[in-house]
Amino acid sequence: MNLFETLKDRNLLYQTTDEEQLKKLLTTQKTTIYTGTDPTADSLHIGHCVPCTIMRRFQQAGHKVIILVGGATAAIGDPTGKTDMRPMLSREQLNKNIEGIKRAYSKFLDFDGDNPAIIVNNADWFNNYDYVSFMRDVGVHFSVNKMISNEIYAKRMEEGGLTFFEMGYMLMQAYDFLYLNEHHNCQIQWGGADQWGNIVAGTELGRKMSFKDGRERIMIGATSPLLLTPEGKKMGKTEKGALWIDNEKISAYDFYQGIYQTPDSCVETMFALFTDLAMDEVRTLIKNDIVSSKKRLAYEITKFIRGEADAIEAKNMSENLFSTQSIDKTNAPTCELNISEQTIGLLDLLVMAKFVSSKGEARRLIEQNGLSRDGEIITDASMIITKDELQNGILFKKGKKNYLLIKS
């Protein structure tokens, strides 16, 4: 099965500006593709990594992969789907975030060898591009009326307006594609479905520039489906926070559990993106037993992102916690606190351990019988915990699936 057929079989090609041309490129020659990310955090969570999984398949098929890190565009912020303007980051924070993102991408791509992926930073070409020249070269090809009718700006317009600063984002991303096409012969841009408007802007800019200078340019845009929860929100975060790719930001257990909590509707797509299991096998597995499917999914993705040792540890820990009546503290995720006083209030302890976000959340859980201590439901929010009790560790359970052993 060639790459184009693989993408279709796994339902990973959601939209494209020219499907026939894309198919021809992928079946008759090797080409160059890029995907972009704005360094607004010092790592990536699982939702950010959907385009990475596509880049991995392109590289394995022998195509050239470029990762564009938006050192310039991140200073503006993509308004797509936002209701508020994104805070601007300092140059120092941007540079720190870029280094973290490079480490995250290495989980998916090979940056060495005979066909290494490369990372480029659009600050390298925008920092020396003066405003008047950019507007003459690029801005003249964009209609403001057409831009503000685009879906990517809808929420910002509804919630009080769109700044001219943010409108520049589309122009800059469009120029990124043109620049990479001219300097790296990059012919494909790939992103999430929410980036469709920005991606089409790049192909349109290429078409207009070709008409202007008479040069033939092949510039194709394509997207993957978004991973959405039943509430319509992007996947990548759970009630405990983001499912970070960086091992230092999340435990193996929490990562595994976060994947296990994938909505039923997203399980097949997650298998398609993050594993190499044949889709016939995946669909049969899901049809027969969705719970077993999620366990397999959690194990496979944890193994891929964090390694087999972490996957086995997280799987065993989950099975010991959820599959037995007895409580095995040796397998529970652990938080060790430095508590100097001889006693501490229950609510203060849970907040300090970050097992709850606030005392109010803890009180609500207690009122709903949703919080337990060593298997016993907690009914008293004013409970006092002694330092001696914490030396042996207390296993707290929140809801049905969240455990934490707190020690001092």
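A residue is called buried here when its relative accessible area is under 20%, exposed when that area is over 50%, and partly exposed in between, as computed with a 1.4 Å probe on protein chains only; Arg373, with a relative accessible area of 18%, is therefore buried. The structure is a predicted model, in which local features need a pLDDT of at least 70 and side-chain atom pairs count only at pLDDT 80 or more, whereas totals for chains, interfaces and linings use all residues. Residues are numbered from 1 along each chain as its sequence is written, and side-chain values use heavy atoms, with hydrogens and water left out.

**Overall make-up**

- The protein has 18 helices and 15 strands, which are DSSP runs numbered from the N terminus, with helices being H or I runs of at least four residues and strands being E runs of at least two.
- Of the 408 residues of the protein, 50% count as buried, and the accessible surface comes to about 19800 Å², of which 47% belongs to carbon and sulfur atoms; accessible areas come from the Shrake-Rupley method with a 1.4 Å probe, and for residues only the protein chains shown count as cover.
- Among contacts (heavy atoms within 4.5 Å) with a separation of 6 or more, 72% are between residues 24 or more positions apart.

- Helix α9 covers residues 164-184, and its 21 residues should span 30 Å at 1.5 Å a residue, which agrees with the 30 Å between its end C-alpha atoms; the expected span is 1.5 Å times one less than the number of residues.
- Of the 21 residues of α9, 16 are buried, so that the helix is mostly covered, and just after α9 Asn185 takes a positive phi of about 55°.
- Helix α10 (residues 196-213) has 18 residues and reaches 26 Å from its first C-alpha to its last, close to the 26 Å expected at 1.5 Å a residue.
- The buried residues of α10, including Ile199, Leu205 and Met209, pack against α6 (131-137), α9, β5 (188-192) and β6 (220-224).
- Gly214, which follows α10, has a positive phi near 75°.

**Salt bridges**

- Side chains of opposite charge can pair when their charged atoms come close.
- A salt bridge is counted when a side-chain nitrogen of Lys or Arg lies within 4 Å of a carboxyl oxygen of Asp or Glu, and by this rule the count comes to 17.
- Arg296 and Glu281 meet in a salt bridge with an N to O distance of 3.7 Å, a pair that links distant parts of the chain, with Arg296 in helix α14 (residues 290-306) and Glu281 in helix α13 (residues 279-288), 15 residues apart.
- Both partners of that pair are partly exposed, Arg296 with a relative accessible area of 28% and Glu281 at 39% relative accessibility.
- Glu300 forms a salt bridge with Lys303, their closest N and O atoms being 3.8 Å apart, and because the two are three residues apart in helix α14, they are separated by about one helical turn.
- Glu300 is buried, with a relative accessible area of 14%, whereas Lys303 is partly exposed at 32% relative accessibility.
- Glu389 forms a salt bridge with Arg373, the closest N and O atoms being 2.6 Å apart; the pair links distant parts of the chain, with Glu389 in helix α18 (residues 387-392) and Arg373 in strand β11 (residues 371-373), 16 residues apart.
- Glu389 is partly exposed, with a relative accessible area of 29%.
- Glu182, Asp213, Arg215 and Arg217 are linked in a network of salt bridges.

**Aromatic pairs**

- Rings of Phe, Tyr and Trp (its six-membered ring) pair if their centres lie within 6.5 Å, and planes under 30 degrees apart count as stacked, over 60 as edge-to-face and the rest as tilted; a search of the whole structure finds 11 aromatic pairs.
- The rings of Trp125 and Tyr179 have their centres 4.1 Å apart and their planes at 20°, so the pair is stacked, and the pair links distant parts of the chain, with Trp125 in helix α5 (residues 123-126) and Tyr179 in helix α9, 54 residues apart.
- Trp125 and Tyr179 are both buried.
- The rings of Tyr129 and Phe134 have their centres 5.4 Å apart and their planes at 90°, so this pair is edge-to-face, and Phe134 is buried at 8% relative accessibility.
- Ring pairs link Trp125, Phe126, Tyr129, Phe134, Tyr175 and Tyr179 into a cluster.
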